[in-house]
Amino acid sequence: MAFILSLDEGTTSARAAAYDEQGRVLAMESSSFACQYPHAGWVEQDALEIWHSQLDAARRTVARLPAGEIAACGITNQRETTVVWDRVTGEPVAPAIVWQCRRTAPFCAELAASGHAVTITGKTGLVIDAYFSASKIRWILDHIPDGHARARQGDLLFGNIDTWLIWKLTNGAVHVTDPTNASRTMLMNLESGEWDEALLSIFGVPRAMLPRIAPSSAVIGVIAAGHLGVEIPIAGIAGDQQAALAGQACFRPGLSKNTYGTGCFALLHAGAKRPVSKNRLLATRAASATTAPQFAIEGSVFIAGAAIQWLRDDMGLIKSASDSDMLASSISDNGGIYFVPAFVGLGAPHWDSAATGLISGITRATKPAHFARAALEGIAYQTRELVEAMEADTGERLAELRVDGGAARNNFLMQFQADILGCPIVRPADTETTALGAAYLAGLAVGFWKSVEEVESFWRADRRFEPGMSTSDRERLWSGWKTAVGRCRL
Ligand code: ADP
């Protein structure tokens with residue numbers, strides 16, 4: 001068997017990739033799907049469309065490989081996004097509620113002010129927020145006929161996108177998730193790695209609808225032959241950010257990465273002991289290559305590359321996301337413009353559902369280039385907020401930051417990130433680390449790769465960005481950003 005297949009279901013597209021024994025990508029196909037914004041702050045997707053997009057990308061990838069050569073498949077996914085479906089028909093009972101969706105913010109605000117807050121945060125390591133799945137599941141059960149009763153009887157199933165895809169790929173035979181995804185539902189006890197009765201009861205989520213939590217690197221089922229032409233073992237599962245941590249070969253405590261996709265997610269591997277953040281970051285599970293639990297500290301920013309997408313699709317300022325690079329570089333400074341993309345409130349470290357987006361400092365001299373530059377700089381400032389919180393949690397300065405994700409290809413952004421952090425940025429040769437990480441987990445489970453050391457040896461830097469900005473410029477800009485963030489909060 002010569003390849004590992006990886007299915008990488010992101011927020012904007014579903015990708016499939018095949019890797020050889022050196023961890024080199026040999027084929028990659030993608031298929032995008034729609035996102036709906038039916039009300040302010042609401043974000044929805046069609047779970048069946050996601051499934052068809054993923055299957056389409058997987059079929060086109062497999063078609064480029066010699067038949068019968070796939071040793072195993074790994075799956076990684078946008079996390080927290082919530083699907084509830086009918087066990088018999090396999091039809092979703094409501095649109096998938098996407099991780100960015102704020103519809104449950106009022107419920108979460110009540111919960112945060114209640115006596116349950118300490119229990120929830122203590123057990124899950126999470127800050128109470130509409131971001132996580134539990135309040136989204138409850139919302140669906142509240143808004144469909146007999147939702148709670150049907151869920152209690154086991155007629156309805158819940159899954160994040162990993163679970164949903166695996167259920168489809170196995171023709172309904174396997175209902176499973178892994179600790180990295182489960183740790184984002186707000187229903188899993190972070191320490192034990194199991195669904196927690198007290199949390200299920202707080203959120204009113206029946207156990208009967210929940211998947212089994214299996215290890216991230218283990219054979220958990222087989223893709224039915226009808227989908228990709230042959231049966232393929234499913235041997236790896238991880239939420240996209242934990243998969244990216246693995247794909248960056250960060251399997252050990254102290255190693256960290258930042259992914260620049262729709263949002264921005266900085267993860268620091270914390271080893272075998274559960275961390276506690278004192279600076280409004282999250283404690284979460286890292287994907288373990290064995291059955292022993294591994295943990296991470298995470299900072300999550302909701303809108304990063306999505307701000308560039310907005311400039312392209314809604315404002316019509318650029319034709320492609322990569323145009324933002326040249327446009328931002330065409331001017332020598334930000335012209336006093338700051339863009340805080342709080343389109344769905346603010347995530348870490350603010351956790352403010354009520355914040356709205358803001359572009360400040362506009363004058364008659366402001367040009368489209370300033371908007372592009374301010375959008376990219378806004379991504380880097382948000383990352384600095386995460387890194388500062390992480391440094392405060394660990395008491396150590398970051399030595400360098402490994403980066404990946406679609407927007408990490410933007411050289412202006414990477415240089416500005418190094419400048420505003422005052423720390424080197426290292427971009428690997430393969431920036432599709434999410435897909436790669438899921439492949440590693442699957443390949444390690446079936447012995448395609450023999451050890452974590454072997455996959456660590458595949459990591460290669462493409463380019464290093466050294467900080468070049470003076471301290472006074474850095475702190476002047478940083479203080480401008482902090483003022484802008486203050487203004488967008490009510
Ligand atoms: P996801 O996995 O969240 O779907 P990706 O890692 O595929 O995201 O990255 C896509 C995001 O990155 C989009 O929001 C897009 O606007 C942004 N993006 C892609 N290329 C660039 C670029 N060259 N410069 C800035 N942003 C980019």
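This is a predicted model: local features need pLDDT of at least 70, side-chain atom pairs count only at pLDDT 80 or more; totals for chains, interfaces and linings use all residues.
1. Phi of Glu-80 is near 70°, and that is a positive value in a residue other than glycine. Is Glu-80 buried or exposed? Its relative accessibility is 2%, so Glu-80 counts as buried, the cut-off for that word being under 20%.

2. Another loop residue deserves a look for its backbone. Ala-249 has its place in the loop between α10 (240–247) and β15 (256–260). Phi of Ala-249 is near 60°, again a positive value in a residue other than glycine. With a relative accessible area of 5%, Ala-249 is buried.

3. Next, please turn to a peptide bond. Ala-348 and Pro-349 are joined by a cis peptide bond, with omega at about -5°. To find the spot in the viewer, follow the loop between β19 (338–340) and β20 (358–360), where Pro-349 lies.

4. Gly-361 belongs to the loop between β20 and α13. At 38% relative accessibility, Gly-361 counts as partly exposed, because the value falls between the limits of 20% and 50%. Val-340 is 21 residues away from Gly-361 along the chain, and the C-alpha atoms of the two are separated by 12 Å.

5. Now to the ligand. Which residues come nearest to it? There are 16 residues around the ligand, and the nearest of them are Thr-12, Arg-15, Thr-262, Gly-305 and Gly-406. Helix α11 (residues 305–313) gives the largest share of this shell, with four residues. By kind, the shell divides into four nonpolar residues, eleven polar ones and one charged.

6. In the side chain of Thr-12, an N or O atom is 2.7 Å from an oxygen atom of the ligand. Gly-305 takes part through its backbone, where a polar atom is 2.9 Å from an oxygen atom of the ligand. A polar backbone atom of Ala-306 is 3.4 Å from an oxygen atom of the ligand. On its own the ligand has 580 Å² of accessible area, and the protein covers 85% of that.

7. There is also empty space to explore. Rolling a probe the size of a water molecule over the atoms shows where such space is left. The second largest pocket has a volume of about 420 Å³. Its lining is made up of 21 residues, and those closest to the centre of the pocket are Gly-254, Leu-268, Thr-394, Glu-396 and Leu-398. Two or more lining residues come from each of β16 (264–271) and α13 (368–394).

8. What does the lining of that pocket look like by kind of residue? The lining of the second largest pocket divides into ten nonpolar, four polar and seven charged residues. The largest share of this lining, five residues, comes from α13.

9. Last, please have a look at a histidine. His-227 is part of helix α9 (residues 225–228). The relative accessible area of His-227 is 13%, so this residue is buried. The side chains of His-227 and Asn-171 are joined by a polar contact of 2.9 Å.

Key:
Residues are numbered from 1 along each chain as its sequence is written. Side-chain values use heavy atoms; hydrogens and water are left out. A residue is near a molecule or strand if one of its heavy atoms lies within 4 Å of it. A polar contact is a pair of N or O atoms within 3.5 Å; within protein, one must be able to donate a hydrogen and the other to accept it, and residues adjacent in sequence count only if both atoms are side-chain atoms. Accessible areas come from the Shrake-Rupley method with a 1.4 Å probe; for residues, only the protein chains shown count as cover. Ala, Val, Leu, Ile, Met, Phe, Trp, Tyr, Cys and Pro count as nonpolar, Asp, Glu, Lys and Arg as charged, and the others, Gly among them, as polar. On a 1 Å grid over the protein atoms alone, a cavity is a set of points where a 1.4 Å probe fits but cannot get out, and a pocket is an open set with protein on both sides within 12 Å along at least five of seven lines; lining residues have an atom within 4 Å of a point. Grid points are joined across faces, edges and corners, and a volume is the space filled by probe spheres set on the points. Buried means under 20% relative accessible area, exposed over 50%, partly exposed in between (1.4 Å probe, protein chains only).
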